[in-house]
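Here are some notes to read alongside the model. Please keep the structure open as you go through the points.

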Amino acid sequence: MHRVVEPKILYFGTPVVLISTLNEDNSVNLAPMSSAWWLNQSCMLGSSSSQTVTNLLRERECVLNLPSSDLAHAVDRLALLTGRNPVPERKVNVGYRFEPDKFGMAKFTPQVSDLIRPPRVAECPVQLEAVVEQVHNFELPSSLKAIEVKIIRVHVDEQILMTGEKNYIDPEKWSPLIMNFCEFFGLSSKLHPSRLAPVFGPAPSSVSKSN
């Protein structure tokens with residue numbers, strides 16, 4: 001039986017993205033975001049006013065670093081930290097504090113990008129260099145924005161690639177960190193083979209035996 005409710009959190013789960021951007025003084029900001037979805041080479045990011053959004057609007061570039069589920073503890077070290085100084089009152093009220101060295105706090109390693117200035121997170125198996133294409137106001141009147149970025153270079157740890165393939169990630173080797181109702185989750189094992197996999201993935205002869 002269904003019931004009409006008014007959830008405090010209306011958020012059903014998307015991958016966590018660690019977004020690295022440059023501050024105005026060229027220092028690096030690193031912040032987790034989980035309002036993100038992809039379509040071809042584009043990604044839509046949803047956020048309210050933050051240091052990340054300020055940097056994106058000014059610099060027009062970022063790296064979308066996708067952590068695996070085993071990095072949840074490191075990502076959680078970034079909770080309640082902001083790169084904005086002074087800290088906005090609304091964030092002070094919920095416990096945020098200013099932290100200029102987020103890479104250090106999370107114990108992540110910066111890695112030079114190929115085409116843009118913000119660094120990648122070496123520990124993340126997937127790193128997407130991106131540039132801002134468009135910014136849309138969202139849910140007016142509010143400070144929410146939907147930021148469309150274009151992926152211009154993709155870096156993938158070879159350990160999660162399909163054997164014998166250089167352009168396909170093996171979904172059975174890749175377990176992204178998921179934010180579901182503000183809690184961290186990973187993926188379960190594969191539940192059922194999909195008839196779409198051979199259509200959009202590698203040729204059937206290259207699909208792993210478990211498929």
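1. Is Gln 51 buried or exposed? Gln 51 counts as buried because its relative accessibility is 12%; buried means under 20% relative accessible area, exposed over 50%, and partly exposed in between, with a 1.4 Å probe and protein chains only.

2. A word on the source: this is a predicted model, in which local features need pLDDT of at least 70 and side-chain atom pairs count only at pLDDT 80 or more, while totals for chains, interfaces and linings use all residues. Residues are numbered from 1 along each chain as its sequence is written, and side-chain values use heavy atoms, with hydrogens and water left out.

3. Back to Gln 51, which is found in helix H1 (residues 51-59). Helices (H or I, at least four residues) and strands (E, at least two) are DSSP runs, numbered from the N terminus. Leaving aside residues up to four places away in sequence, Gln 51 touches Asn 23, Asn 29, Gly 83 and Arg 84, where contact means heavy atoms within 4.5 Å.

4. Next, look at the sheet. It is open and has 7 strands in the order S3-S2-S6-S11-S12-S5-S4, with antiparallel pairing; two strands pair if DSSP finds at least two bridges between them. At the edges are strand S3 (28-33) and strand S4 (36-39), each pairing on one side only. On average, neighbouring strands of this sheet are turned by 30° against each other, direction ignored. Helix H1 packs on the sheet, and among the strands that H1 touches are S2, S3 and S6. The direction of H1 makes about 55° with that of S2; axes are lines fitted to C-alpha atoms, for helices over the stretch in contact, and angles run from 0 to 180 degrees between N-to-C directions.

5. How many of the residues of S2 are buried? The strand is mostly covered, with 6 of its 6 residues buried. Val 17, Ile 19 and Thr 21 point one way from S2, while Leu 18, Ser 20 and Leu 22 point the other way.

6. What lies on either side of S2 in the sheet order? S3 and S6 do. Strand S2 (residues 17-22) runs antiparallel to strand S6 (residues 61-66), joined by 3 bridges, and S2 pairs with S3 in the antiparallel sense over 6 bridges. Ser 20 stands opposite Val 63 in S6 and has Leu 30 as its bridge partner in S3. For Leu 18, the bridge partner in S6 is Asn 65.

7. Finally, the hairpin of S2 and S3 has 5 residues between the strands, and Asn 26 takes a positive phi near 75° there.
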